[in-house]
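Biologist: Hi! I'm new to this one, so could you walk me through its pockets and contacts?
Modeller: Happy to, let's look at it together.

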Amino acid sequence: MSLYEKNLHELHDMLKKKEVSSEEITREYLNRIKQTDDKLNSFITVLDEPAIDQAKKADKIISSSDDFDPLTGIPLGIKDLISTAGVRTTCGSKILESYIPPYDASVIKKLKAKNAVIVGKLNMDEFAMGSSNETSYYGTVKNPWNLEHIPGGSSGGSAASVSARQCCVSLGSDTGGSIRQPAGCCGVVGMKPTYGRVSRFGLIAFASSLDQIGPFTKDVTDCAIMLNAICGHDPSDSTSAKRDVPDFTKALLNDVKGMKIGIPSEYFIDGIDSEVETAVNAAIEQYKKLGAEIVEVSLPHTKYAVSVYYIIATAEASSNLARYDGVKYGYRTEDAKDLSDMYFKTRTEGFGSEVKRRIMLGTYVLSSGYYDAYYLRAQKVRTLIMNDFRNAFEKCDVILTPTAPTAAFKLGEKTSDPLQMYLSDIFTISANLAGTCGVSIPCGFTSNGLPIGLQLMGKHFDESSIIKAAYAFEQSSDYHKTIPTIPNL
Amino acid sequence: MSITKQEVQYVAKLARLYLDDDQAEVFTEQLDQILGYIDQLNEIDVQNVAATSQSIATENVLRDDVVDNTYDRELSLSNAPLKEDGFFKVPKVIE
């Protein structure tokens with residue numbers, strides 16, 4: 001087995017036993033990126049030399065100690081909207097093509113303090129607006145399981161890179177499913193923690209009341225390790241939660257006896273692919289065998305989630321993206337006849353069409369005369385969606401659903417129909433509106449060999465329960481051990 | 001038709017975006033479709049429902065009014081598309 005096929009916890013054990021060095025591991029991943037990224041396009045920026053330097057630094061710590069952090073010397077990738085000091089951070093947009101953050105995001109500071117090795121910045125939908133990674137200014141990412149299919153989005157590069165073993169783990173962000181949906185499409189584990197669990201300081205904002213950073217990993221154990229590394233209160237983010245962070249690896253128990261798993265009937269609807277339904281139903285049967293108690297729950301406002309989301313998220317985005325005016329950073333138009341013309345031309349030339357569409361929708365729903373009809377009403381329905389979850393969680397410990405209605409669709413299939421694209425997030429959006437945590441884990445394959453994702457959602461700040469449930473399922477299956485074969489390599 | 005091409009052009013202007021006629025046409029059609037879908041929210045009675053702006057309740061977060069982390073002028077200007085004498089430079093504002 002090659003080094004790049006190993007999980008974080010396996011590599012950590014090898015580093016501990018001094019069987020391998022971080023430099024060797026890092027070189028192997030960088031080589032893997034070289035071999036595969038022409039086909040996949042997961043990376044916007046690869047950090048060859050800085051990664052080797054970081055690895056050498058980690059090796060010094062490793063050689064002088066037996067007790068170092070699990071992330072020390074581990075190569076990882078970062079979605080290109082998380083600020084990295086001195087390293088270009090594009091947000092998948094032309095408007096930030098040459099932007100070099102003067103500071104590190106708080107999560108990056110945490111990873112650097114543990115001497116993790118950052119191998120590169122990962123491709124994504126422009127400003128995280130997309131479900132297929134097709135809105136990136138830097139080209140579409142391909143699904144490692146089938147290069148003609150989408151990797152999911154918006155964290156497409158983060159999902160594809162872990163799936164194709166181009167890095168050991170990665171970070172993404174999730175505003176309406178942007179971690180869980182691509183994790184499902186690419187057959188890896190992707191966790192959106194509870195809103196406020198992970199600091200958003202240095203995360204380039206899309207929709208501030210919904211955005212949350214989270215990890216992509218090859219298995220659930222690595223997911224728990226990553227959560228331990230990135231969660232916690234941060235005074236630099238006023239919405240970050242002052243809550244104790246448990247040791248999430250304590251939830252890796254392989255025991256779900258008596259655990260109550262809620263199944264919401266609203267998630268098993270017309271339009272759900274039959275192979276997805278079959279795989280998810282098989283997972284439910286598996287949980288029964290493992291001793292979990294399956295209970296029916298109801299999330300009656302589920303069908304309104306997409307509407308609420310596309311009002312609230314675009315309203316927040318239209319305000320957040322007002323800062324891109326060509327003055328302080330980023331792209332500025334070449335020829336402007338005055339200041340106003342400079343604003344217009346900079347934004348018109350700098351943003352892609354999906355971003356423009358959402359800025360306009362957000363501006364419209366906030367504009368005079370429409371605010372009450374759209375924005376205020378959406379905020380009220382958001383309350384009803386939150387109440388749904390509160391009621392459901394009185395009857396169960398975790399909620400189980402498909403991650404998406406279908407496996408990864410074909411590239412180009414939905415690019416001309418924004419509404420159809422938005423509807424592919426129908427099962428993931430509610431968790432963001434309610435602020436709850438959610439994880440996608442692999443639960444099978446379609447007859448075409450594309451991964452199918454299983455979503456587990458938990459109460460606020462109860463990531464431990466979904467890790468516990470995810471781990472028990474994973475231990476009784478082999479899906480996470482299957483690695484995609486990239487053609488003509 | 002819930003949104004017209006004129007309204008799309010007006011919104012684009014508010015958002016500081018130029019749209020040519022063909023683009024305005026396409027955006028109008030797409031936004032109209034999206035707004036038509038969103039109209040489903042009118043089915044729900046929300047009269048006695050409070051609005052939610054934050055899913056996790058937070059109180060005002062305050063800190064002492066002291067200078068802590070600042071960036072020096074050069075670093076702050078390092079990404080400026082155009083700068084002069086330690087300032088951001090923009091096209092002439094006053095005629």
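Biologist: Let's start with the largest pocket. How does its lining divide by class?
Modeller: The lining of the largest pocket has 13 nonpolar, six polar and four charged residues. Here Ala, Val, Leu, Ile, Met, Phe, Trp, Tyr, Cys and Pro count as nonpolar, Asp, Glu, Lys and Arg as charged, and the others, Gly among them, as polar.

Biologist: Before I go on, what am I looking at?
Modeller: This is a predicted model, where local features need pLDDT of at least 70, side-chain atom pairs count only at pLDDT 80 or more, and totals for chains, interfaces and linings use all residues. Residues are numbered from 1 along each chain as its sequence is written, chains are lettered from A and ligands numbered from 1 in the order in which they are written, and side-chain values use heavy atoms, with hydrogens and water left out.

Biologist: Okay, what volume does the largest pocket have?
Modeller: About 490 Å³. Of its 23 lining residues, A:Ser83, A:Tyr99, A:Tyr103, A:Arg323 and A:Tyr329 are the closest to the centre.

Biologist: What do you mean by a pocket, and by a cavity?
Modeller: Both are found on a 1 Å grid over the protein atoms alone: a cavity is a set of points where a 1.4 Å probe fits but cannot get out, while a pocket is an open set with protein on both sides within 12 Å along at least five of seven lines. Lining residues have an atom within 4 Å of a point. Points are joined across faces, edges and corners, and a volume is the space filled by probe spheres set on them.

Biologist: Where does the largest pocket lie?
Modeller: Domain 1 (3-258 + 468-481) and domain 2 (303-382) of chain A both give residues to its lining, so the largest pocket lies between them. Those bounds come from an automatic or database domain assignment.

Biologist: How far apart are the centres of the two domains?
Modeller: The C-alpha centres of domain 1 and domain 2 of chain A lie 28 Å apart. Their contact (heavy atoms within 4.5 Å) takes 19 residues from domain 1 of chain A and 22 residues from domain 2 of chain A.

Biologist: And which residues of domain 1 lose the most area there?
Modeller: A:Ile95, A:Met129 and A:Phe206 lose the most to domain 2 of chain A, together 36% of what the domain 1 side buries. Buried area is the accessible area (1.4 Å probe) that two parts lose on being put together, summed over both. Between these domains it is about 1800 Å², with 63% from carbon and sulfur atoms.

Biologist: What about chain B?
Modeller: 50 residues of chain B are in contact with 64 residues of chain A, and the area buried between the chains is about 5300 Å².

Biologist: How many salt bridges cross that interface?
Modeller: The rule, a side-chain nitrogen of Lys or Arg within 4 Å of a carboxyl oxygen of Asp or Glu, finds one between chain B and chain A. A:Lys303 and B:Glu43 form a salt bridge through their side chains (3.8 Å, N to O).

Biologist: Which residues line the second largest pocket?
Modeller: Among them are A:Tyr103, A:Lys109, B:Arg63 and B:Tyr71. That pocket has a volume of about 300 Å³.

Biologist: Last one: how many cavities are there?
Modeller: The count is four cavities of 30 Å³ or more.
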